[in-house]
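Subject: Two-chain model, handover and notes

Hello,

Here is the model you asked for, with the sequence alongside. My notes follow below it.

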Amino acid sequence: MNSLLKTSYAKACLTFIFSIILMVTLRNPYYVGVLVFLGIYIIITTGLSLLMGYTGQISLGQAAFFGIGAYTTGILTTKLHMPIILSFPLSFILTVIIAFIVGIPTLRLKGHYLAMATLGLGEIVHIVFNELLSLTGGPSGFGNIPLIKIFGIELDNDFKYYIFVWAIVSFILFLSLNIVHSRIGRALKAIHKGEITASTIGINTARLKLYIFVLGAGYASVAGFLYAHYITFLSPGTFSLRFSILLVTMVAVGGMENIWGAVIGTSVLTVLPEYLRFFKDFDILIYGIILMAIMLTRPEGLYGIKIPLKRTGNNG
Amino acid sequence: MLTVRSLKSYYESICALKAVSLHIEKGEIVTLIGANGSGKSTLLNSIIGLIPRITGTILFEGKEIQGLSSYTIVKLGIALAPEGRQLFSPMSVLDNLILGTYHYYSFKNRQKLNDKIEWIFELFPLLGKRKKQLAGTLSGGEQQMLSISRALMSEPRLLLLDEPSTGLAPKIIENIFRTLTELKEKTNLTIFLVEQNVNLALDICQRGYVIETGQIILSGEKEELMNNKEVLRAYLGKE
């Protein structure tokens, strides 16, 4: 029984059950809405955790992949009146192709070239969203993106959408945990520790880094798709560098060594601002102080923290 | 088994190996001795495909391998236990070993993997006792055993060892080298050993090469080298 609970399948199922219990207890549509966003962000940060925490590659372009996923499905369904069942795979494929184009040359290099390349990609995508007026509506964006319909049920309120999003979150976690515990997962950690050594034990490091980068981009695209059909309105502001950095921060705050770190970090940084509204204009200030406190006391991230909070580090 | 012909290796524009030629036959232990900075590690790294700029030919079992990527060369049957061990220190002993099987491991041949691990633990029983421990917490000797074991896990026919004795107590070195000789006798493994500890290296090898500033200056059978005046003077401190 105990070992059964340790399987990724069980963990994913428990996540889903927990999320449903959370929804039933909260009941307030606003809170549920916040948690829909949380689910969408977790999908992105899970991919980023695989890339950053496990493989040691930094991407500052996740917002761009998120945006490409969202805008593609948005444009296809509103301008071309394509059914969602077609727009989803197309937006996913487009993101993956762009990730390949960026990844192939940069991931052959050792060092942080990926961060620079994705930074550039983020800016390019942001500019395209702003300037391609006929398709994207420019800075003011465009709306009327249709809602998702599954088996004849239209996901027209927060609760239905919540269940849909968290089912996908659970599936993504299942997939990622399986990757982490496979031979690929071990190889990713090996690349992080020593890329040259990894290649001398038979790991094709360039290809593996590329695959995991593309996978992360694919996750972000799925998140973008979910975002577009939830908000039904898109504007470039959401997909800026600021958001990419926020995603990296979420993974770092939660703990890079583990997928669950990304989940925790994303949860804290998504839910915290809601609590800080109490402080009105000072919320961003307090948010910053809390972030600093976390990074000072837990530089390795929140994952694995002991409750009650104990000071560590004095015992050498 | 391995033939190197007029190999030149460059770091940027600096020529670190100046037309090195050597050959290793199946089942031999061949050693390469030389001082710091003479190009020993560069030679091993060139063979395993880590040096991007090389000219000349490297033949492994009749196949040209120069210019191939490291992971392809490992698949062909060469493994390197690198200088300074280069373990994946935040990972367990077991995970380090399993990583060595990366290029042939699949869910279907799990049994083979388990057999392989058993076999390693017979060779180095100390590792078996520490299998759950993180590699970074092992002692120096155990780390070296693990580094060699990780290389062996990839089923090499040619094992390259880069200064395995660095920083280890003589007793542990002796233990490791005895295991290696036994292994060679049992499995007909070919070993190319790079060492600074010349006494030790000459002791277990059958043939050897001496390298100086990127050139092979001497080669011969074990006894020839042991009695060579130059070797005695420069490396063994005997006049």
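Two strands are counted as paired if DSSP finds at least two bridges between them. By that rule, strand S10 (residues 215–221) of chain B pairs with S9(B) through six bridges, in the antiparallel sense. Please keep in mind throughout that this is a predicted model.

Strands of chain B

S9(B) and S10(B) make a hairpin, with two residues between the strands. In its turn, B:Thr213 has a positive phi of about 35°. One bridge pair to look up is B:Arg207 with B:Glu221 in S10(B).

S9(B), residues 207–212, also pairs with strand S3 (residues 29–33) of chain B. That pairing is parallel and has four bridges. Within the pairing, B:Tyr209 in S9(B) lies opposite B:Leu32.

Chain B also has an open sheet of four strands, in the order S2-S1-S4-S5 and with antiparallel pairing. Strand S2 (14–24) and strand S5 (63–64) of chain B are the edges of this sheet; each has a single partner strand, so one side of each has no neighbour in the sheet. Inside the sheet, strand S1 (residues 2–11) and strand S4 (residues 53–60) of chain B run antiparallel and are joined by seven bridges. B:Thr55 in S4(B) is found opposite B:Lys8.

Chain B overall

In total, chain B has 10 helices and 10 strands. Its C-alpha trace spans about 50 × 40 × 30 Å along the principal axes. A compact globule of 239 residues would have a radius of gyration near 18 Å, and chain B agrees because its own value is 18 Å. Of the 239 residues in chain B, 43% are buried. Among contacts in chain B with a separation of 6 or more, 65% are between residues 24 or more positions apart.

Chain A overall

Chain A has 14 helices and two strands. Along its principal axes, the C-alpha trace of chain A spans about 60 × 45 × 45 Å. For 316 residues, a compact globule would have a radius of gyration near 20 Å; chain A has 20 Å, so the two agree. Buried residues account for 44% of the 316 residues in chain A. In chain A, 77% of the contacts with a separation of 6 or more are between residues 24 or more positions apart.

Helix H12 (residues 241–254) of chain A has 14 residues, which at 1.5 Å a residue should span 20 Å; its end C-alpha atoms are 20 Å apart, in agreement. Buried residues in H12(A) include A:Ser244, A:Leu247, A:Met250 and A:Gly254. The cover over the buried residues of H12(A) includes H3, helix H4 (62–78), helix H6 (113–131), H13 and helix H14 (283–297) of chain A. After H12(A) comes A:Gly255, which has a positive phi, near 120°.

In soluble globular proteins, nonpolar side chains tend to be buried together. Here the largest nonpolar core has 146 residues, and A:Ala223 and B:Leu160 touch the most other members. Helix H11 (residues 205–231) of chain A gives this core its largest share, 15 residues. Leaving out residues up to four places away in sequence, B:Leu160 touches B:Leu44, B:Ile47, B:Ile48, B:Ile78, B:Ala79, B:Leu80 and B:Phe192.

Contact between the chains

How many residues does each chain bring to the contact? Chain B brings 22 residues and chain A brings 15 residues. On the side of chain B that touches chain A, helix H2 (70–76) and helix H3 (93–100) of chain B each supply at least two residues. By class, that side of chain B has 13 nonpolar, six polar and three charged residues.

Regards

Definitions and conventions. Residues numbered from 1 in each chain as written. Chains lettered and ligands numbered in written order. Predicted model: local features only at pLDDT ≥ 70, side-chain atom pairs only at ≥ 80, totals over all residues. Rg over C-alpha atoms; globule rule 2.2 N^0.38 Å. Buried ≥ 20, exposed ≤ 12 C-beta atoms within 10 Å, placed from the backbone. Contact = placed C-beta atoms within 7 Å. Core = buried A, V, L, I, M, F, W, Y, C linked by C-beta atoms within 7 Å. Expected span 1.5 Å × (residues − 1). Nonpolar A, V, L, I, M, F, W, Y, C, P; charged D, E, K, R; others polar.
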